[in-house]
Amino acid sequence: MSELLSNWWNTVPEGAYFLLGGLVVFTVMLVRSSMHPTVFALVAWPGTLAHELAHVLVGLLLGAKPCEFSLFPKNMGNGRWQLGSVGFSNMTWWNGPWTAMAPMLLAPLAILLTVEWAYPALAGGDLGGALVRLLLCALFMQAAWPSSTDFRVAAPGLFILGLIGVVLY
């Protein structure tokens with residue numbers, strides 16, 4: 001796996017490194033923005049969709065049985081908003097951590113899309129298209145961070161898996 005990753009990284013064009021820097025800047029701007037929650041929910045919608053679909057896909061794969069899905073923002077009070085949610089009917093200690101942390105898979109996807117999708121647009125002279133693609137990649141990167149609920153769901157299973165790892169080591 002590391003050889004595959006190394007081979008891919010060695011083929012990244014130098015100009016793509018500029019866009020990877022832009023990915024970081026756009027992501028930080030999204031995370032630190034002070035947009036009105038309604039505006040942010042609309043802007044972040046593609047990332048929210050990807051975040052929740054990551055939960056659903058990994059949950060289906062591991063038998064967690066997704067049973068609820070929502071992309072409608074909810075005001076949780078104290079200035080906190082829930083942009084989406086997924087409910088499961090068979091969350092266990094062994095599938096919970098993987099299902100809850102599934103959105104973290106969006107981070108490598110965002111990097112791959114920046115290099116393989118946004119950069120070719122920039123290299124082809126389509127600055128507007130490259131910026132739109134880079135924004136979408138930044139939304140995926142921003143959505144890769146698990147929510148506090150995701151951490152809470154994953155914690156018991158991570159603890160048990162950690163104990164098993166210590167015992168087996």
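## A covered helix

The buried residues of helix α4 are covered by elements that include β1 (66-70), β4 (85-88), α5 (96-100), α6, α7 and α8 (148-168), where contact means heavy atoms within 4.5 Å. Helices (H or I, at least four residues) and strands (E, at least two) are DSSP runs, numbered from the N terminus. This is a predicted model, in which local features need pLDDT of at least 70 and side-chain atom pairs count only at pLDDT 80 or more, while totals for chains, interfaces and linings use all residues. Residues are numbered from 1 along each chain as its sequence is written, and side-chain values use heavy atoms, with hydrogens and water left out.

Among the buried residues of α4 are Gly47, His51, Glu52 and Val56, buried being under 20% relative accessible area, exposed over 50% and partly exposed in between (1.4 Å probe, protein chains only). Just after α4, Gly63 takes a positive phi of about 80°.

## The nonpolar cores

A nonpolar core is a set of buried Ala, Val, Leu, Ile, Met, Phe, Trp, Tyr and Cys residues joined through side-chain atoms within 4.5 Å. The largest one has 16 residues, and Val12, Ala16, Leu19, Leu23 and Val115 have the most contacts inside it. Two or more residues come from each of α2, α6 (106-123) and α7 (127-143), and α2 gives the largest share, 5 residues. A second, separate core of 6 residues includes Ala110 and Phe140.

## Tyr17

Tyr17 lies in helix α2 (residues 14-32) and is partly exposed, with a relative accessible area of 34%. Leaving aside neighbours within four places in sequence, Tyr17 is in contact with Trp9 and Val12.
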